[in-house]
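I set out to record what can be looked up in this structure. The entries below follow the order in which I consulted it.

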Amino acid sequence: MKTRLEMENDYLEVEKLVRDSFWNVYRPGAYEHFIVHNLRNDESFVSKLAYVIEDDGKIVASINYSKGKISYENDIVPALILGPIAVDRNCQNHGLGSQLIDYTLEIVQKDNVPFVLVVGDENYYSRFGFVSASEYGLYLDGTDLDEENPFFMIRVFDEGKLKNEMGIFQNPDVFDVDETELDEFDRQFEYKEKLVLDTQLKEL
């Protein structure tokens, strides 16, 4: 297997991979592939961290990073966030996601990026040194500030670069998906049935 930067001629294959790996996992259908598609033309996209794993000419895993922002009382600072990350369903539980995360976090650290944020399974991301962002006074926009949100996590490389005050993180605008545009975009892919499953995230 080969780990390499994503190239332009990989785009459609990566989008299909992301769509298939997220389909019906967190919600009926998926929109992560549309986010990946839109990210590449957005100023928040960090192309130098868009890596894939290729196995015998087929892309079986991909990872993306982008820059959101943290709003403090008197300041707004950029912040790097990991995701979406996708692994072919036939290749999951073989360490490919871990390989991409470790590989890119090493690059991030060498580039002197002070911290990385992620929204995801705390049991999974804790193995890479991520902890609840609330430990550093950081909260995800739209969540309850009076409660810890363990799924919003941070990996800190330089604590001296973090402010000692509460901050609210906002994803790039490209993460706000228009359902009509998503449906139109999805027409280029093979039809897949949207299912409501007990394991999906519940609407509040």
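**Strand 4 and its partners**

I began with a pair of strands: strand 3 (residues 58-71) and strand 4 run antiparallel and are joined by 10 bridges. I take strands as DSSP runs of E of at least two residues and helices as runs of H or I of at least four, numbered from the N terminus. Two strands count as paired if DSSP finds at least two bridges between them.

I noted that the model is predicted, that local features need pLDDT of at least 70 and side-chain atom pairs pLDDT 80 or more, and that totals for chains, interfaces and linings use all residues. Residues are numbered from 1 along each chain as its sequence is written, and side-chain values use heavy atoms, with hydrogens and water left out.

I then looked up the link between strand 3 and strand 4, and found a hairpin through four residues. For Ile 70, the bridge partner in strand 4 is Val 77.

Which way does strand 4 run relative to strand 5 (residues 115-119), parallel or antiparallel? I found the two strands parallel, with three bridges between them. For Ile 81, the bridge partner in strand 5 is Leu 117.

I next checked burial (buried is under 20% relative accessible area, exposed over 50%, partly exposed in between, with a 1.4 Å probe and protein chains only). Strand 4 (residues 76-87) has nine of its 12 residues buried, so it is largely enclosed by the rest of the structure.

**The whole chain**

I counted five helices and nine strands in the protein chain. Along the sequence I read their order as β-α-α-β-β-β-α-β-α-β-β-β-β-α. The radius of gyration is 17 Å, close to the 17 Å from the globule rule for 204 residues, so the chain is as compact as a globular protein of that length. This radius is taken over C-alpha atoms, and the rule is 2.2 Å times the number of residues to the power 0.38.

I recorded that 45% of the 204 residues are buried. Of the contacts (heavy atoms within 4.5 Å) between residues at least 6 apart in sequence, 69% join residues at least 24 apart.

**Arg 27**

Lastly, I located Arg 27 in the loop between helix 1 (11-22) and helix 2 (32-39). Leaving out residues up to four places away in sequence, I found that Arg 27 touches Glu 32 and Gln 200. From Arg 27 to Ile 168 I noted 141 residues in sequence and 25 Å in space, C-alpha to C-alpha.
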